[in-house]
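Welcome, and please load the model in your viewer. We will go from stop to stop, selecting residues as we go.

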Amino acid sequence: MSSEIEGSANHKTPPGAFQRNWKLIIACAAGCGFCMSAISQHSIGPFVKPLSEDMNWTRTQVQSALLLSQLAAATGVICAGILISRFPLRRIAIAGLTGTVIGLLLASQAKSLPFYYLAYVIAAFVGAGAGNIAWSRAITGSFDKHRGLALAIALSGTGISGIALPSILVWVISEYG
């Protein structure tokens, strides 16, 4: 076993650190579940048919926003990683969440396909600051012992979002349009 791996296991976390940081773990799980990559992938399905019908776009055109957003996110996470190394994590995460919200609000107001794509790109690029990289950094900075368990619980927010969000959105769309 390499010294790097052994070194991380040899650190002593103060007793009760896992219990004291449970709110952080839950917040990070929520952050993972509501980050742009999770929201875009888990929410676009219920919107494909309504957007196709309302905007006269093909299903491929609607879902191409995912491709563009993933390309933007690939660049955004690199920038987010650099910023997280230089600035307080909280500021980067708040900016990322704000960017996600603004981008999705813009997408909801899109009247043209290029504007719709641009909104998704903005949400993904800026939203990368509130992606899994940020929440993983929060966990790794707070845990030495039980770090893997804390990360697993936090990152499970993405899966929980994938289970819950499509059903919730189908219901909301059917009830409220």
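What relative accessibility does Ser 40 have, and does that make Ser 40 buried or exposed? Select Ser 40 and you are in helix α4; helices here are DSSP runs of H or I with at least four residues, numbered from the N terminus. Ser 40 has 1% relative accessibility, so it counts as buried. Buried means under 20% relative accessible area, exposed means over 50%, and partly exposed lies in between, with a 1.4 Å probe and protein chains only.

Before moving on, a word on the model: it is predicted, so local features need pLDDT of at least 70 and side-chain atom pairs count only at pLDDT 80 or more, while totals for chains, interfaces and linings use all residues. Residues are numbered from 1 along each chain as its sequence is written, and side-chain values use heavy atoms, with hydrogens and water left out.

**Around Ser 40 and Tyr 120**

Now show the surroundings of Ser 40. Not counting residues up to four places away in sequence, Ser 40 touches Leu 66, Ser 69, Gln 70 and Tyr 120; contact means heavy atoms within 4.5 Å. Step across to Tyr 120, whose contacts, again leaving aside neighbours within four places in sequence, are Met 36, Ser 40, Ile 44, Ala 65, Ser 69 and Ala 107.

**The nonpolar cores**

Next, select Ile 44, Val 62, Tyr 116 and Tyr 120, the residues with the most contacts inside the largest nonpolar core, which has 18 residues. A nonpolar core is a set of buried Ala, Val, Leu, Ile, Met, Phe, Trp, Tyr and Cys residues joined through side-chain atoms within 4.5 Å. Helices α4 (36–55), α5 and α7 (113–127) each give two or more residues to this core, and α7 has the largest share, with seven. For a second, separate core of 11 residues, pick out Ile 25, Phe 143, Ala 150 and Ala 154, which are among its members.

**Along helix α5**

Select residues 59–86 to see helix α5. Its 28 residues should span 40 Å at 1.5 Å a residue, and the end C-alpha atoms are 41 Å apart, which agrees; the expected span is 1.5 Å times one less than the number of residues. The buried residues of α5 include Val 62, Ala 65, Gly 76 and Ile 84, and its buried residues pack against α4, α6, α7 and α8.

Then turn to the surface, where Val 77, Ile 78, Ile 82 and Ile 133 form a nonpolar patch with about 320 Å² of accessible area together. Helix α5 gives the most to this patch, three residues. Nonpolar patches join Val, Leu, Ile, Met, Phe, Trp and Tyr side chains within 5 Å, using residues with over 30% relative accessible area and no salt bridge.

Select 132–140 for helix α8, where Ala 134, Trp 135, Ser 136, Ala 138 and Ile 139 are buried. Their cover includes α3 (22–33), α5, α6 (89–108) and α9 (147–176).

Which side chains meet in a salt bridge at 2.9 Å, N to O? Select Asp 144 and Arg 147 to see the pair. A salt bridge is a side-chain nitrogen of Lys or Arg within 4 Å of a carboxyl oxygen of Asp or Glu, and by this rule the count is one. Asp 144 is partly exposed at 30% relative accessibility, and Arg 147 is partly exposed at 23%.

**Last stop**

Finish at Leu 169 in helix α9, which is buried at 15% relative accessibility. Beyond its neighbours within four places in sequence, Leu 169 is in contact with Ser 43, Pro 46 and Phe 47.

How values were computed: Patch = residues over 30% accessible without salt bridge, like charges linked within 9 Å, V, L, I, M, F, W, Y side chains within 5 Å. Areas by Shrake-Rupley, 256 points an atom, 1.4 Å probe, with all protein chains shown as cover.
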